[in-house]
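Please open the structure in a viewer and keep the sequence beside it.

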Amino acid sequence: MRLEVRMHLSRFNRLRFAHLPTPLEPMPRLSEYLGGPTLWIKRDDCTGLSTGGNKTRKLEFLMADAMGRGADTVITQGATQSNHARQTAAAAARLGMECHILLEDRTGSTDPAYNYNGNVFLDQLHGASLAMRPGGADMNAEMEALAGRLREDGRNPYIIPGGGSNEIGALGYVNAGLELLTQANDRALRIDHLVHATGSAGTQAGLVTGLAGSNAGIPVLGVGVRTPREKQEENVHALAQRTADFIGVGHAVSREDVIANCDYVGEGYGVPTDGMVEAVRLLARLEGVLLDPVYSGKGMAGLIDLVRRGHFKPEENVVFVHTGGSAALFGYPDTFGFPDYRGPDRDPTDSDN
């Protein structure tokens with residue numbers, strides 16, 4: 001029998017960027033529309049830093065570590081429309097630090113909106129320097145090379161891994177798991193399943209560590225957005241174990257705690273799917289919530305399909321963790337197929353207008 005452990009996270013250096021606790025809200029119209037279990041949403045799109053998102057929780061611990069090491073510059077990497085890059089740039093701006101971002105071309109898109117709008121626009125607005133790398137590049141090696149050049153120039157850089165996903169960053173989602181339990185306890189809500197989009201592994205690893213270490217009995221399902229299931233589960237479990245060891249509860253996490261479903265990736269990372277488009281539209285029109293086309297949109301597409309397949313029992317409560325990223329929608333303007341809007345008195349189907 002697993003024993004409950006105590007996770008005293010105030011032992012670790014932390015800055016305060018996020019608006020916490022983030023809301024835990026019911027989704028009655030989506031629940032009724034799907035005719036399935038009672039659906040809830042944990043609004044980590046409301047963390048507050050540069051339109052919000054899940055990386056803000058991680059950056060509270062990562063940037064504290066950077067400051068503790070005397071860093072004056074941060075380096076990180078991600079895909080072109082990286083939510084993590086945007087939030088890192090904003091956190092660096094808050095602290096008066098330089099920020100260098102390496103963006104990997106994972107989609108091969110030549111669409112100007114994708115390459116220059118959305119998160120890319122906001123990265124630059126926050127003052128970060130951007131440099132592109134081809135898809136498949138060794139991004140960790142690229143960051144190390146940049147750090148070396150900056151050190152030669154007298155800077156003291158701190159490297160943040162993609163997605164902020166190491167044992168320090170994952171502390172943000174250990175804490176999120178504890179926060180969610182407090183909210184559920186306060187409203188006498190029995191959470192039967194927790195679902196979210198999983199990519200660089202830090203969010204899922206932190207949630208698994210926090211909930212397993214608390215003996216919460218809540219299964220965590222990560223809906224993958226990039227990697228095949230076996231690899232994704234391997235990555236999450238390895239990071240969860242490192243995180244548990246880091247906070248002194250290494251016995252709390254087992255391999256069986258890590259579950260990923262990677263059936264909703266489609267043709268690849270950041271490539272739109274019909275399920276994602278439907279999910280984004282449904283949440284916008286039924287609940288007034290904006291998802292993103294890369295992470296939360298595909299995560300919600302997975303949840304919707306699983307509900308339709310009867311994966312959950314009608315009487316169960318299912319919480320979806322919204323990891324944010326709606327700024328990326330502006331990098332995908334053609335994906336949703338809306339006609340051009342040319343004014344209230346003009347017919348958009350009339351080519352002469």
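A polar contact is a pair of N or O atoms within 3.5 Å; within protein, one must be able to donate a hydrogen and the other to accept it, and residues adjacent in sequence count only if both atoms are side-chain atoms. This is a predicted model, in which local features need pLDDT of at least 70 and side-chain atom pairs count only at pLDDT 80 or more, while totals for chains, interfaces and linings use all residues. Residues are numbered from 1 along each chain as its sequence is written, and side-chain values use heavy atoms, with hydrogens and water left out.

**First stop: Q81**

Select Q81, which is placed in the loop between β3 (73-79) and α3 (83-95). Helices (H or I, at least four residues) and strands (E, at least two) are DSSP runs, numbered from the N terminus. Q81 counts as buried because its relative accessibility is 3%; buried means under 20% relative accessible area, exposed over 50%, and partly exposed in between (1.4 Å probe, protein chains only).

Now display the side chain of Q81. One of its polar atoms lies 2.8 Å from the backbone oxygen of N117. The backbone nitrogen of N119 lies 2.9 Å from a polar atom of the Q81 side chain. Contact means heavy atoms within 4.5 Å. Apart from neighbours within four places in sequence, the residues in contact with Q81 include Y114, G118, V120, A328 and Y332.

**Second stop: the sheet**

Show the strands next. Six of them form an open sheet with mixed pairing, in the order β1-β2-β10-β7-β8-β9; two strands pair if DSSP finds at least two bridges between them. β1 (24-26) and β9 (259-261) stand at the edges with a single partner strand each, so one side of each has no neighbour in the sheet. From one strand to the next, the twist averages 30°. Strands of a sheet pair through backbone hydrogen bonds, either parallel or antiparallel.

Select β2 (residues 38-43) together with β10 (residues 317-322): these strands run parallel and are joined by six bridges. L39 has V318 as its bridge partner in β10.

Move on to β7 (residues 193-198). This strand is mostly covered, with six of its six residues buried. Four bridges connect β7 with β10, and the two run parallel; here H196 stands opposite V321 in β10. β7 is also joined to β8 (residues 220-224), in parallel, by five bridges, and V195 has L221 as its bridge partner in β8. Follow the chain from β7 through helix α8 (residues 202-213) to β8: this β-α-β crossover is right-handed. The term applies if, with the strands pointing away from the viewer, the path from the first strand over the helix to the second runs clockwise.

Select N261, which lies in strand β9. N261 counts as buried because its relative accessibility is 14%. Leaving out residues up to four places away in sequence, N261 touches L221, G222, V223, G224 and L306.

Then select E233 in helix α9 (residues 229-247). Is E233 buried or exposed? E233 is buried, with a relative accessible area of 7%. Beyond its neighbours within four places in sequence, E233 is in contact with R255, V258, I259 and A260.

Select α10 (residues 274-287) and α11 (residues 296-308). They pack at an angle of about 90°, with their axes 8 Å apart. This makes α10 roughly perpendicular to α11. Axes are lines fitted to C-alpha atoms, for helices over the stretch in contact, and angles run from 0 to 180 degrees between N-to-C directions. Angles under 35 degrees count as roughly parallel, over 145 as roughly antiparallel, 65 to 115 as roughly perpendicular and the rest as oblique. Among the residues that meet are M276, V280 and L283 in α10, and M300, I304 and R308 in α11.

**Last stop: backbone details**

Select L20 and P21: the peptide bond from L20 to P21 is cis, with omega near -5°. P21 lies in the segment before β1.

S50 is not a glycine, and its phi is positive, near 55°. S50 is buried, with a relative accessible area of 15%.

Finish at A188, in the loop between α7 (171-186) and β7. A188 has a positive phi of about 55° although it is not a glycine, and at 72% relative accessibility A188 counts as exposed.
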